[in-house]
Amino acid sequence: MSFRIRLHESEVAFEGDPGESVLDAALRAGIELPYSCRKGVCGNCRGHVLEGSLVPGTEGGAREAGICDANEHLLCRARPASDLTVRPRHWQQIDPAARKTLQAKVFKITQASPDVTVLQLRLPAGVRAKFKAGQYLQVLLPDGTRRPYSMANAPHDNDNLQLHVRREPGGRFSDGLLPTLKTGDLLAVELPHGDFWLREDSDRPLLLVAGGTGFAPVKSILDHIVRQRITRPVTLYWGGRTPADLYAPQPVEKWRTALPHLRYEAVISRPPEDGTWTGRTGRLPAAVLADWPDLSGHEVYACGAPALIGALREACVTQRGLPADRFFSDAFVSQAG
Ligand code: FES
């Protein structure tokens, strides 16, 4: 027996098959909801179930990480036990023409740090990628699986794609296919994906917070800010365990020159004992809390591991008065295997 799932304050409704998640049922019906990992970890699919009941025991780790409010559900895990009315954070009818699968050619592979590879892809002649600053693509692997990576280039720089890939031991792409790639090889990618992109209809000050390779979409956003001559005050926090995790100093130097309204804070949680790191130490949420007594007038864009996103959300929204709908996040989930 299937259940009817209705989207709040709309005429849109679709059927959910037994055992099927709300997200899968929506996608099957041509409705796009925000999502990334589909494992209950990143929290990107969180939303409210206003009417009806769910099969119990299907919540994921995003709740423990603090990415969800207590009254939100993960729609990639939520399975209906009755007809439902749901209120996702966003939804849209899938426009089949908006998302494209492209065959990109490997142009350059750079080892930016012992763990991070910067992969530069070129699109076929005359083909341009269409995306918003901060969005991601899916690498389509030969075995049918997919791996999400944010574009690190800005939308205007659209004849190529730059990906920052952290090596995950045992990961099918980062530890499997990637080390075998060479210049000229083809890689299938599908884009754009995601609702982590810069909202430009605002002049509020921005906090951009990146953990490790969460820097990639933040780089896209900052390159876009330079290009569009956006003058909103921007504070960039980039954190890692060691200085090597802050693997791309060149763009930061470029932005410091191009954006007089940029403040940059590099934060390391495990500084080397030889004293070579003289910068800030500790964790990103603590740094944000120390610097900002009140974030009620800001927008925050945060990208990194789920635990970091949960802690930042707690710091910014609960402790510093940031309205929850101005905390934009993209939680990177480990893709080992
Ligand atoms: S897509 Fe549901 S938690 Fe990641």
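The following legends describe close-up views of a predicted model.

**View 1**
Beyond residues up to four places away in sequence, Arg 232 touches Leu 198, Arg 199, Glu 200, Ser 202, Asp 203, Arg 204, Leu 206, His 261 and Glu 299. Two of these neighbours also face polar atoms of the Arg 232 side chain. With the side chain of Ser 202, the side chain of Arg 232 makes a polar contact of 3.3 Å. The backbone oxygen of Arg 204 lies 2.7 Å from a polar atom of the Arg 232 side chain. Gly 176, by contrast, is 41 Å from Arg 232, C-alpha to C-alpha, with a separation of 56 residues in sequence.

**View 2. Asn 160 in strand β12.**
Asn 160 is located in strand β12 (residues 160–166). Its relative accessible area is 5%, and Asn 160 is therefore buried. The side chain of Asn 160 forms a polar contact of 3.1 Å with the side chain of Asp 159. When neighbours within four places in sequence are set aside, the residues in contact with Asn 160 are Gln 120, Leu 121, Arg 122, Leu 123 and Asn 153.

**View 3. The salt bridge between Asp 24 and Arg 38.**
The side chains of Asp 24 and Arg 38 form a salt bridge with an N to O distance of 2.6 Å. This pair links distant parts of the chain, 14 residues apart: Asp 24 is in helix α1 (residues 22–28), and Arg 38 is in the loop between β3 (31–32) and β4 (46–51). Asp 24 is partly exposed at 29% relative accessibility. Arg 38 is likewise partly exposed, at 41%. In the whole structure, 23 salt bridges are found.

**View 4. The salt bridge between Glu 32 and Arg 99.**
Glu 32 and Arg 99 meet through their side chains in a salt bridge of 2.5 Å, N to O. The partners are 67 residues apart, with Glu 32 in strand β3 and Arg 99 in the loop between β7 (92–93) and β8 (100–111). Glu 32 is buried, with a relative accessible area of 11%, whereas Arg 99 is partly exposed, with 25%.

**View 5. A salt-bridge network that includes Arg 280 and Asp 291.**
An N to O distance of 2.7 Å defines the salt bridge between the side chains of Asp 291 and Arg 280. Arg 280 is partly exposed, with a relative accessible area of 23%. Through salt bridges that share partners, Arg 263, Glu 265, Arg 280 and Asp 291 are joined into one network.

**View 6. The largest nonpolar core and a second, separate core.**
The largest nonpolar core comprises 45 residues, and Tyr 237, Val 288 and Phe 327 have the most contacts inside it. Elements that contribute two or more residues to this core include β1 (3–7), β14 (206–211), α6, α7 (306–319) and β19 (327–331). Its largest share, five residues, is supplied by α1. Apart from neighbours within four places in sequence, Val 288 is in contact with Leu 207, Tyr 237, Leu 295, Leu 312 and Cys 316. A second, separate core has 29 residues, among them Leu 222, Ile 225, Leu 259 and Tyr 301.

**View 7. The hairpin of β10 and β11.**
Strands β10 (residues 136–140) and β11 (residues 146–150) pair in the antiparallel sense over five bridges. Gln 138 has Pro 148 in β11 as its bridge partner. Five residues lie between the two strands of the hairpin, where Gly 144 takes a positive phi near 95°.

**View 8. An open sheet of five strands.**
The strand order is β2-β1-β6-β4-β5, and the pairing is mixed. At the edges are β2 (13–16) and β5 (73–74), each of which pairs on one side only. Strands β4 and β5 run antiparallel and are joined by two bridges. The bridge partner of Arg 46 in β5 is Leu 74.

Methods: Residues numbered from 1 in each chain as written. Predicted model: local features only at pLDDT ≥ 70, side-chain atom pairs only at ≥ 80, totals over all residues. Heavy atoms only, no water. Contact = heavy atoms within 4.5 Å. Polar contact = N/O pair within 3.5 Å; in protein donor to acceptor, adjacent residues only side chain to side chain. Helix = DSSP H or I, 4+ residues; strand = E, 2+ residues; numbered from the N terminus. Buried < 20%, exposed > 50% of the residue type's maximum accessible area, 1.4 Å probe, protein only. Salt bridge = Lys/Arg side-chain N within 4 Å of Asp/Glu carboxyl O. Core = buried A, V, L, I, M, F, W, Y, C linked by side-chain atoms within 4.5 Å. Pairing = 2+ DSSP bridges.
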